[in-house]
Every structure is written in C-alpha cells, then in structure tokens.
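Please look over the sequence and the structure shown here before reading on. The briefing that follows begins with a term and then goes through the chain topic by topic.

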Amino acid sequence: MKTRFLYFIIIAAAIIASCQKEYSTEEGNNAGAGTIIGADCRINKIGYSDTTGIIGIGSIGATINAADAATDVTKFDSLTLTLDFFSSLQYFSDTVYIDPDQYFIVDNANKKRITLFHGLIDPTVPGSPEIDVDYIYNAAGQLTEKDYYFSSFPVVTYQTVFYTYAGGNLTGMVTFDDFTGDVITDADLTYYTTISPKNYMYLFPDENTYAEFNQFFNFGNKSTNAVKSLKVRYYDPGNVVIDSAVSNFQTYIMSRDNYVLNVNMNGDDQSSIPATTGKLNFTYKCK
C-alpha cells in the first residue's frame with residue numbers, strides 16, 4: 001500500500017512539473033501557471049515593487065464598474081504613503097470629464113474608442129493654454145497618429161505623433177514639432193514572438209502628461225505580443241539626442257488563460273505606463 005501511495009505521489013509531481021513547463025515563458029519558469037483570470041478581462045491595476053516583490057513602490061489603478069467604464073483613476077506612492085494622482089471621472093453621452101476643464105471624446109459606436117482629448121498644455125500651471133488632440137486609427141484599428149493643436153487656433157497643428165506597426169505590434173514612434181520640423185522624441189520597441197498575452201498594456205512612448213489614463217480607456221487594438229524592450233530618445237532642437245530611457249522586460253509570468261500576471265522591468269522608469277523599474281504586477285477586472 002505504501003509503495004502504491006509513493007508511486008502515486010511521484011506521478012502527480014511529474015504531472016505538475018510538466019504542466020508548469022508547458023506554461024513556462026521567456027527568461028523564467030511560470031510560477032503562476034495554475035492561475036485563471038477569467039473571460040473578457042482587462043487591466044484595472046498595475047502595482048510595482050522591487051524585483052523580489054517584497055517592497056512595494058507604488059501602483060496605478062482604476063475602479064471599473066459593471067458597465068466596463070472606469071469611474072476613477074488613482075496613482076499611489078507606497079514608499080511615502082501618499083496619493084500622487086486622483087481623478088473622479090464623469091460621463092455625459094460621448095464625453096468623459098477628468099475634471100471640469102479637461103475631457104475625452106469617445107466613439108460610442110466603436111467600443112468607446114477615444115477620438116479626441118481636450119485639456120491644458122500643462123495641467124500643473126493655472127491658466128495654461130487649452131489644447132486639443134485628435135486620435136487617428138487605421139483600418140486595422142491601430143492608433144497611427146495624434147495631432148495636437150491649440151483650441152483657440154484649430155487650423156494648424158503644433159505637434160504630430162506617428163506610430164508604426166509590424167506583425168500586429170507597435171514597433172516605432174516619432175514626435176515632430178510641426179513649426180520647425182524637428183524631432184521631439186522617438187522610440188523603438190521589440191517583442192517576444194512566443195508570448196501573445198490577452199489584453200496587455202498600451203505602450204505609447206510619447207505619453208507622459210496624461211499617462212495615468214493610458215491603461216483604462218480604449219486607444220485601439222493593442223500589440224499582439226509581449227514587449228521585450230522599449231527605448232525612448234529625447235531631442236534638443238536640431239535633432240540632437242539629449243536623453244534616453246531604456247527598459248527591458250524579462251521573466252514574464254502568465255496565467256493559465258494567457259494573461260500577464262507579472263513581469264520584471266529593468267533599466268529606466270517609463271512614464272508612459274506609468275511605472276517605475278522593478279516587478280510589475282497586474283490585476284484584472286472581468287466582464
């Protein structure tokens with residue numbers, strides 16, 4: 001009897017090990033292989049910690065209601081126990097107000113995809129000039145262009161962002177000063193072709209001022225594969241590189257139903273997520 005029981009334990013252990021191997025990912029074994037997130041889920045929180053996952057650094061998250069709409073967005077600093085950002089969102093027809101002066105316009109006929117943003121060129125400065133941003137999508141549903149113009153002078157753009165794609169992935173970005181023709185920022189992204197997660201992050205490298213909203217609204221189809229590296233370059237007038245932010249994403253841990261549970265982001269912080277370097281942990285809201 002004991003021999004049979006021991007044999008059963010050995011076989012069970014082998015089966016468990018083989019299942020974990022089946023769901024292993026690039027750069028590491030998948031310790032979350034048994035986790036199931038659910039059907040039709042999307043990110044509602046990204047927590048970032050040191051790479052061991054022990055010391056919490058902060059988080060960006062949204063409350064998502066039964067209608068699949070974000071009702072507030074919060075950015076929290078776990079080290080100082082302070083609230084870095086909070087916005088209570090108000091919905092009126094096709095308009096989502098993030099405060100009395102700033103709002104998104106959504107296309108209700110196309111999965112509430114964002115088509116326009118109205119805000120301030122610098123929301124931290126009272127009386128800052130008002131701006132509008134048009135979001136342009138291709139036939140594949142990918143965001144390909146953003147046109148910036150002053151609300152008081154909507155005829156001429158002052159800044160344009162172009163996104164390029166390959167194999168269903170966002171692979172490049174460039175931002176131009178439309179008055180001078182100079183490059184403001186550009187970026188390159190690479191991907192793990194063997195990892196194709198469900199409903200993963202948006203990675204628009206130009207975003208910084210309003211990046212807190214990036215993960216919680218519809219900005220078109222997301223990249224097919226899991227990001228491997230992200231390099232953003234910043235330019236002085238005359239197209240001279242003055243700074244860069246380079247991040248590498250390693251040790252993807254996936255759920256059994258193919259959502260990203262966590263990943264290590266090494267290198268530089270990325271304001272477009274927004275998150276600091278370390279382990280990024282994802283939680284989801286399912287319909």
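The model is a predicted one, in which local features need pLDDT of at least 70 and side-chain atom pairs count only at pLDDT 80 or more, while totals for chains, interfaces and linings use all residues. Residues are numbered from 1 along each chain as its sequence is written, and side-chain values use heavy atoms, with hydrogens and water left out.

**The chain as a whole**

- The protein chain holds 1 helix and 17 strands, where helices (H or I, at least four residues) and strands (E, at least two) are DSSP runs numbered from the N terminus.
- Of the 287 residues of the chain, 45% count as buried, a term that means under 20% relative accessible area, with exposed meaning over 50% and partly exposed lying in between (1.4 Å probe, protein chains only).
- Among the contacts in the chain with a separation of 6 or more, 45% come from residues 24 or more positions apart, a contact being heavy atoms within 4.5 Å.

- Strand β2 (residues 56-64) and strand β3 (residues 70-77) run antiparallel and are joined by 7 bridges, and two strands are said to pair if DSSP finds at least two bridges between them.
- Within this pairing, I60 has K75 in β3 as its bridge partner.
- The hairpin of β2 and β3 has 5 residues between the strands, and in this hairpin D68 takes a positive phi near 65 degrees.
- β3 also pairs in the antiparallel sense with strand β4 (residues 82-88), over 6 bridges, and the bridge partner of D72 in β4 is S88.
- In the hairpin formed by β3 and β4, 4 residues lie between the strands, and L81 in the turn has a positive phi of about 55 degrees.

- T175 lies in strand β12 (residues 169-177), and T175 counts as buried because its relative accessibility is 2%.
- Residues up to four places away in sequence aside, T175 touches Q159, T160, V161, D182, V183, I184, T185 and D206.
- Y235 is found in strand β14 (residues 226-236) and is also buried, because its relative accessible area is 17%.
- Although Y235 and I184 are 51 residues apart in sequence, they are 5.2 Å apart in space, C-alpha to C-alpha.

**Pockets**

- On a 1 Å grid over the protein atoms alone, a cavity is a set of points where a 1.4 Å probe fits but cannot get out, whereas a pocket is an open set with protein on both sides within 12 Å along at least five of seven lines, and lining residues have an atom within 4 Å of a point.
- Grid points are joined across faces, edges and corners, and a volume is the space filled by probe spheres set on the points.
- The largest pocket has a volume of about 830 Å³, and of the 32 residues that line this pocket, R42, D68, K111, N218 and K287 are the closest to its centre.
- The elements that give two or more residues to the lining of the largest pocket are β1 (41-49) and β17 (278-286), and the largest share, 3 residues, comes from β1.
- The lining of the largest pocket divides into 13 nonpolar, 9 polar and 10 charged residues, where Ala, Val, Leu, Ile, Met, Phe, Trp, Tyr, Cys and Pro count as nonpolar, Asp, Glu, Lys and Arg as charged, and the others, Gly among them, as polar.
- The second largest pocket has a volume of about 380 Å³, and Y148, Q159, D206, N208 and T209 lie nearest its centre among the 22 residues that line it.
- The lining of the second largest pocket divides into 14 nonpolar, 6 polar and 2 charged residues, and β9 gives the most to this lining, with 3 residues.

**Cavities**

- The structure holds 2 cavities of 30 Å³ or more, and about 80 Å³ of space lies in the largest cavity.
- The lining of the largest cavity has 8 nonpolar, 2 polar and 1 charged residues, and Y165, L170 and F204 are among them.
- The second largest cavity has about 40 Å³ of space, and its lining includes Y200, N225 and V227.
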